[in-house]
Amino acid sequence: MELIPTNFVKVIVSLRLEIMMHFEPRDVFRKLEFDKVLELLVKEALTPMGAEILAEITPDTSFTRIDLSLREVRDWKLALEKNDRIPFAAFHDVRDDLRMLEIEGYTLQSESFQKILQILLVTRDLFKFFAQTVKREIYPKIYDIMRPLTYDEGLSKTIMSVFDEKGDVRPDASPELQRIRREIIAKTRDLDAKFRQIVQDFRSKGWLAESGESFRNGRRVLTVPAEHKRKIRGIIHDESDTGRTVYMEPDVVIEINNDIFDLEHDEKREIFRILKDLSDKIRPYSPVIGLYFQALLRMDIIQAKAKLATSMRAGMPILKEKPIFSVRKAFHPLLYLKNKSLNRKTIPFDLKLHAENYILILSGPNAGGKSVAMKSIGLLQMMVQSGLLVPCHELSEFGIFRQIFADIGDQQSLEDDLSTYSSRLQNSRVFLEKADTHTLVLIDEMGSGTDPKPGGAIAEAILRQLHQKGVYAVVTTHYSNLKVFAFRNPGILNANMHFDKDTLSPTYELKVGRPGSSYAFEIATKSGLKKDLIEYARKRTGSETAVDDVLIELQREKQELEEKLRSVSEKEQSLQRLIKTYDGMHTELELGRKRLKMEQKEYELRISAAANREVDKLIKELKESKSLEKAQAVSVQLKSERAEKAKQVDAINEQVIQLEEQNTPSASARPLQAGDYVRLRSGGATGRIEQMNGNKATLSMGQMNVVANLRDLVAVVEPEAIRSGNLQTDIRQVAAFEGKIDLRGLSREEALVQLEKFVDNALLSNASTLRILHGKGDGVLRKAVKQKLREYGGNVTNIHHPAQELGGDGVTIVDLG
């Protein structure tokens with residue numbers, strides 16, 4: 001089997017070209033410092049193969065792949081945080097070995113089997129880990145990697161039956177090998193005994209050098225001074241460089257040495273035969289071992305990403321298919337790591353760019369953090385699309401961009417004979433030609449490098465084109481005309497890096513909604529320049545600084561007005577909801593009051609009927625006692641009272657019907673007819689009109705027919721459960737219902753919609769227990785889930801969290817009644 005066929009590589013390369021994000025210019029990785037993130041990532045890899053892949057990571061544009069990658073890393077990071085060690089260890093590259101093993105008759109060497117065994121043992125440990133149901137539930141995406149695989153314990157046992165713990169072939173790997181090694185041991189003992197005797201004898205005669213013995217050509221020999229070599233019978237194997245010492249094999253041990261030499265050759269032949277048999281046994285499983293290798297390699301990449309995420313306190317944001325960049329409490333990852341090592345605080349930032357506001361004009365003093373904030377946006381976006389968790393709040397949202405363009409730093413090119421400004425214009429031309437609504441453009445100090453007036457005008461023209469094309473962009477600048485352009489055009493936001501006027505120092509806080517000032521005069525004062533010099537400069541700038549001040553004030557007033565309008569709108573919506581709720585409650589109260597009154601009158605009628613029975617008995621007795629006139633008077637009085645109460649019940653019932661008709665939406669405004677579905681006003685039972693006769697209708701309710709007055713019927717739409725088209729589907733959905741749901745990664749609104757569908761299906765399926773996985777985070781989603789569940793009233797009997805090892809606060813268990 002060829003593990004990576006050539007045609008397969010061509011297909012992968014073709015797909016990769018289609019899904020790869022496009023960058024302008026070519027060194028965007030370096031400008032946004034993504035290359036430094038990759039360097040940190042490579043250090044976390046446990047294998048050279050994983051490090052090689054991580055070093056070549058590029059942002060993807062496939063929502064499905066990015067989302068899967070983020071969820072895998074999130075699961076592994078969760079295991080690290082819980083100190084729940086996933087049994088993963090380093091392993092070697094076996095791709096070449098498996099390719100050679102595919103050749104019929106090829107025999108692998110011992111080292112190759114050790115590498116394969118290592119992969120088998122790591123895979124075995126992972127299978128044991130995920131044999132626990134709870135582990136599969138807590139880390140579902142990691143388990144999905146192992147799910148398609150099967151593990152045969154016999155493979156590792158077969159290899160371990162041949163090799164010991166040190167990787168050497170076991171003495172008992174075969175009976176023949178065991179016999180050969182026993183004979184080698186016996187012959188070696190004989191050789192030792194004879195050699196000791198010879199050395200002792202010749203040393204006493206002074207025929208041996210100081211060392212006495214040595215090894216040459218794999219045989220045990222004596223070290224003999226040259227002048228004594230003719231006194232000893234044997235074979236000379238070698239002599240020293242000086243020729244003063246020769247290395248002789250005494251004739252009395254030649255035969256034993258020959259036997260040992262032959263036995264060692266027999267041993268090698270037997271080991272080769274054993275390895276050949278083992279290769280033949282393992283060969284059919286090489287595709288499976290290849291799958292194990294690929295799974296472990298994927299896990300190495302995931303664990304490296306998870307370790308890096310843990311070090312930079314990163315989490316999984318919400319991923320969207322359309323372009324959006326909405327972050328809360330986000331950090332520049334490299335700045336965070338640097339400040340953490342120096343025990344310094346890193347200032348987070350919030351920013352939201354979407355279809356309505358997609359361009360940010362960022363201004364403020366030099367060294368205030370503008371460029372860092374802009375780079376953070378580009379770097380975080382590249383990390384997310386590379387399947388890396390990012391340091392921001394879990395409710396942050398990232399969309400998918402197909403292109404990232406960046407114009408940052410000195411663009412001077414000696415090779416192309418371009419100045420910095422010319423190079424920037426060249427970049428702008430390319431950006432305008434290639435950028436679209438799925439492009440993120442980052443431009444640092446837009447318009448700089450030439451005379452401010454024409455430079456600012458050209459910058460405004462470029463910004464106007466980007467705005468018209470709907471391109472997402474973050475631009476840093478000092479030019480007032482760009483701030484004014486942002487103020488006048490919808491879809492563009494002004495923002496500034498906050499500057500503390502009291503201490504004359506930057507706070508590195510990103511403030512969206514107002515443009516910033518360069519604070520040049522304040523910084524000049526702090527630096528010690530003379531007052532008259534600064535005053536002269538103020539007069540020279542004149543109206544230019546005044547424009548900035550007026551713009552900042554206008555933006556402040558505009559923002560305050562928008563906030564007030566937003567607040568009024570929210571209050572108006574809240575008031576409408578309250579009015580609607582009040583009207584509904586008032587109607588319910590009135591209906592309830594009328595029904596109660598009607599029930600009271602009906603109760604009085606029942607009491608009256610009971611009294612009538614007593615009166616009839618009394619009348620009978622009076623008739624028997626000849627008091628007929630008295631009996632008739634009592635009867636007339638009771639009948640009159642009963643008729644009056646019946647009339648009151650009918651009147652109240654009429655009022656209830658009118659109220660219900662006013663507040664109950666009917667299926668149709670037309671008169672009822674045969675075939676319509678209706679509901680009885682009392683009891684609420686639903687049925688279908690089979691036939692009508694005057695003011696009465698015959699209803700079909702299951703297996704039973706009921707006759708009712710038309711006045712007592714309310715038209716309704718056809719019940720879902722009765723529709724033949726939906727019946728089979730509903731049964732299948734109920735049968736296939738699974739009592740668990742994963743809401744992680746969804747926004748609050750999306751999660752509540754999914755939760756409502758989930759609980760409704762659970763009630764239809766008569767489920768008893770539900771498991772809702774929402775993650776821990778800051779508890780927002782957990783609280784929203786509990787609040788939604790309370791809406792189900794008595795259907796939900798208990799809400800609780802499992803033990804920590806089963807998910808703790810990140811999971812909610814629901815018992816249904």
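Contact, as the word is used in this report, means heavy atoms within 4.5 Å of each other. The structure is a predicted model, in which local features need pLDDT of at least 70 and side-chain atom pairs count only at pLDDT 80 or more, while totals for chains, interfaces and linings use all residues. Residues are numbered from 1 along each chain as its sequence is written, and side-chain values use heavy atoms, with hydrogens and water left out.

## Overall composition

The chain holds 25 helices and 24 strands. Helices (H or I, at least four residues) and strands (E, at least two) are DSSP runs, numbered from the N terminus. Of the 817 residues in the chain, 42% are buried; buried means under 20% relative accessible area, exposed over 50%, and partly exposed in between (1.4 Å probe, protein chains only). Among contacts in the chain with a separation of 6 or more, 68% involve residues 24 or more positions apart.

## F331 and its surroundings

F331 is located in the loop between β7 and α14. With a relative accessible area of 9%, F331 is buried. Leaving aside residues up to four places away in sequence, F331 touches R313, Y336, T346, I347, P348, F349, L380 and P391. The C-alpha atoms of F331 and A314 are separated by 9.3 Å, and these two residues are 17 residues apart along the chain. A C-alpha separation of 9.3 Å is also found for T686 and V714, which are 28 residues apart in sequence. T686 belongs to strand β17 (residues 686-693) and counts as partly exposed, at 38% relative accessibility.

## Helix pairs

Two packed helices are described by the angle between their axes and the distance between the axes. Axes are lines fitted to C-alpha atoms, for helices over the stretch in contact, and angles run from 0 to 180 degrees between N-to-C directions. Angles under 35 degrees count as roughly parallel, over 145 as roughly antiparallel, 65 to 115 as roughly perpendicular and the rest as oblique. A crossing is left-handed if the near helix is turned anticlockwise from the far one by less than a right angle, and right-handed if clockwise.

Helices α7 and α13 pack at an angle of about 65°, with their axes 10 Å apart. That makes α7 roughly perpendicular to α13. The two helices form a left-handed crossing. On the α7 side, I116, I119, L120, V122, T123 and L126 take part, and they meet I289, Y292, F293, L296 and M299 in α13. The residues of this contact divide into 10 nonpolar, 1 polar and no charged. In this classification, Ala, Val, Leu, Ile, Met, Phe, Trp, Tyr, Cys and Pro count as nonpolar, Asp, Glu, Lys and Arg as charged, and the others, Gly among them, as polar.

The axes of α17 (residues 452-469) and α18 (residues 480-488) come within 9 Å and cross at roughly 30°. Helices α17 and α18 are therefore roughly parallel to each other, and α17 passes α18 in a right-handed crossing. In α17, the residues G456, A457, A459, E460, L463 and R464 meet N481, L482 and F485 of α18. The contact of α17 with α18 comprises 5 nonpolar, 2 polar and 2 charged residues.

## Buried helix faces

Helix α3 (residues 34-43) has F34, V37, L38 and L41 as its buried residues. They cover an arc of only 100° around the axis, which puts them on the same side of α3. The arc is that of the directions from the helix axis to the C-beta atoms. The buried residues of α3 pack against α2 (28-31), α4 (48-55), α13 (286-311), α14 (333-341) and α15 (370-385).

In helix α10 (residues 153-160), the buried positions are L155, S156 and I159. Viewed down the axis of α10, the buried residues fall within an arc of 90°, so they line one face of the helix. Their packing partners are α7 (110-129) and α12 (251-282).

## Backbone geometry

Most residues other than glycine have a negative phi, and most peptide bonds are trans.

A cis peptide bond joins E24 and P25, with omega about -10°. P25 is found in the loop between β1 (22-24) and α2.
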